[in-house]
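Dear colleague,

Please find the structure below, handed over for your own work. My notes on what was found in it follow.

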Amino acid sequence: MSISGDTADSIVLEISNVAHGGVFVARHEGRVVFVPDTMPGETVRARITDDSKKSFWRAETLEVLTPAPERVPHIWSAAAIDRAPDERAGGAEFGHIALPHQRELKRHVLVDALQRFGGIERDVEVEAAPGDDEANGLGYRSRVSLHVDEEGRVGPFAARSHRVVPVDDLPLATSAVQQAAPLGTPMPGLERVDVIAPSVGATRVVGTDPDGRRRAGEPLVERVGTREFQVAEEGFWQVHRHAADVLTRAVQDILVDDEFDPQAFNLDLYGGVGLFAAALGDKFGRTTRITTVESETTATDWAAENLAEWVGAQAITDRVDRYLQRLVRSVGASERRRLQAATIVLDPPRSGAGKNVVSALVDLHPAQIVYVACDPVALARDLGSFRDAGYELDRLRAFDLFPHTHHLESVALLRPTNR
Ligand SMILES: C[S@@+](CC[C@H](N)C(=O)[O-])C[C@H]1O[C@@H](n2cnc3c(N)ncnc32)[C@H](O)[C@@H]1O
């Protein structure tokens, strides 16, 4: 709500809640206002930055008048509240909140999303990745994308903008990424610089020009446990240095072993270079049959290599929705029985799987579905669609694989209600 202290160009707001996306909620004259750089329980002086919508406004925090007990000095001076709002670096929007409380806020966002978008009542603990508590959630990013402005200056974008902010450090990055990042070195002629420290081999610094051209690099090698994966330099790999390991074990542990049939038509959808196909293959043995489906040809090519030891593994380049619709239309009776016995893992991008994919999956009637999600709202919406079609949320875990940001990873097990 607005309280006394408003001036011509600023208002005083009491922050009541956290919203999805790294912003917080206040009310002003009955309207919702989304505000960054604060947290529930605080009173802040803020400036309205967007009043174009009827239902909500956006504001920026100018000053914290009453801090919450969980406020800490920001882990990144480049993003701290003492900088002008448009000079604050983006990418660490929870960095002013004590780490355990960040997880509590993420828990709240997930529980609330499940209830509002999925009609599901479920509590969940947000688990830390190994080593993060000891390091106060710093030094975990094995890859960072920096931007380059027209003057060649390299840095992150300012929060909610496409303006480069020069910075002296990258506290969320691993020490290898920090050492290699060309901070302070002009890079004229480039648009982006990716700094990647794979778990095997040297750190790479890869520039991309404004036409999207970059030099063709050797594939990266990433190790998960004792297994090595090859990944294209520009391809998808989990960001947190322990994320692939944490999610591999989460997928292996969440499914119901007795329901897993190695000979079934098992699927790893949105499979990248085959991380979760390998997780199932490692758990259930060399005879495991599994197909990965992925839209990027290069990723599929590496998936085929990475999964070569399983004779029953196949890597297909296709869009998941098209692939599933084809399966629904055209499989014969014996393949349909193998699909009904299948375990299906899906790990869609931020937008989620969507209604068409959910409905095709339900049509195939698999024994169990493991859903790995990086967006709580998309997950909740898809879980609601699954529930309406006869697949209930069974187990749910959540992981804090992006400390000091609002991001959250979840792993859910779905099982049919009428089996
Ligand atoms: C979140 S990543 C997961 C990759 C892999 N499971 C992993 O953990 O390494 C999502 C993957 O889905 C792919 N993708 C995005 N949209 C897709 C679609 N409609 N059909 C198939 N793959 C898609 C992306 O290229 C990306 O590799």
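Which residues of helix H8 (residues 355-364) are buried? They are Val 357, Val 358, Ala 360, Leu 361, Val 362 and Leu 364, where buried means under 20% relative accessible area, exposed over 50% and partly exposed in between (1.4 Å probe, protein chains only). Helices (H or I, at least four residues) and strands (E, at least two) are DSSP runs, numbered from the N terminus.

Please note that this is a predicted model, in which local features need pLDDT of at least 70 and side-chain atom pairs count only at pLDDT 80 or more, while totals for chains, interfaces and linings use all residues. Residues are numbered from 1 along each chain as its sequence is written, and side-chain values use heavy atoms, with hydrogens and water left out.

The cover over the buried residues of H8 includes helices H6 (320-330), H7 (333-340) and H9 (376-388), together with strands E13 (266-269), E16 (343-346) and E18 (391-400). Just after H8, His 365 takes a positive phi of about 55°.

A polar side-chain atom of Asp 347 lies 2.9 Å from a nitrogen atom of the ligand. Backbone atoms take part as well: an N or O atom of Ser 295 is at 3.1 Å from a ligand nitrogen, and a polar backbone atom of Tyr 270 is at 3.2 Å from one. Taken alone, the ligand exposes 590 Å², of which the protein buries 85% (Shrake-Rupley method, 1.4 Å probe).

Elsewhere, an open sheet of four strands runs in the order E8-E7-E9-E10 with antiparallel pairing; strands pair if DSSP finds at least two bridges between them. Its edge strands, E8 (154-155) and E10 (204-208), each pair on one side only. Strand E7 (residues 143-148) is joined to E8 by two bridges in the antiparallel sense, and His 147 stands opposite Gly 155 in E8.

Within strand E10 lies Thr 208, which is buried, with a relative accessible area of 6%. Leaving aside residues up to four places away in sequence, Thr 208 touches Leu 190, Glu 191, Arg 192, Asp 194, Arg 213 and Arg 214 (heavy atoms within 4.5 Å).

Yours sincerely

Note on methods: Polar contact = N/O pair within 3.5 Å; in protein donor to acceptor, adjacent residues only side chain to side chain.
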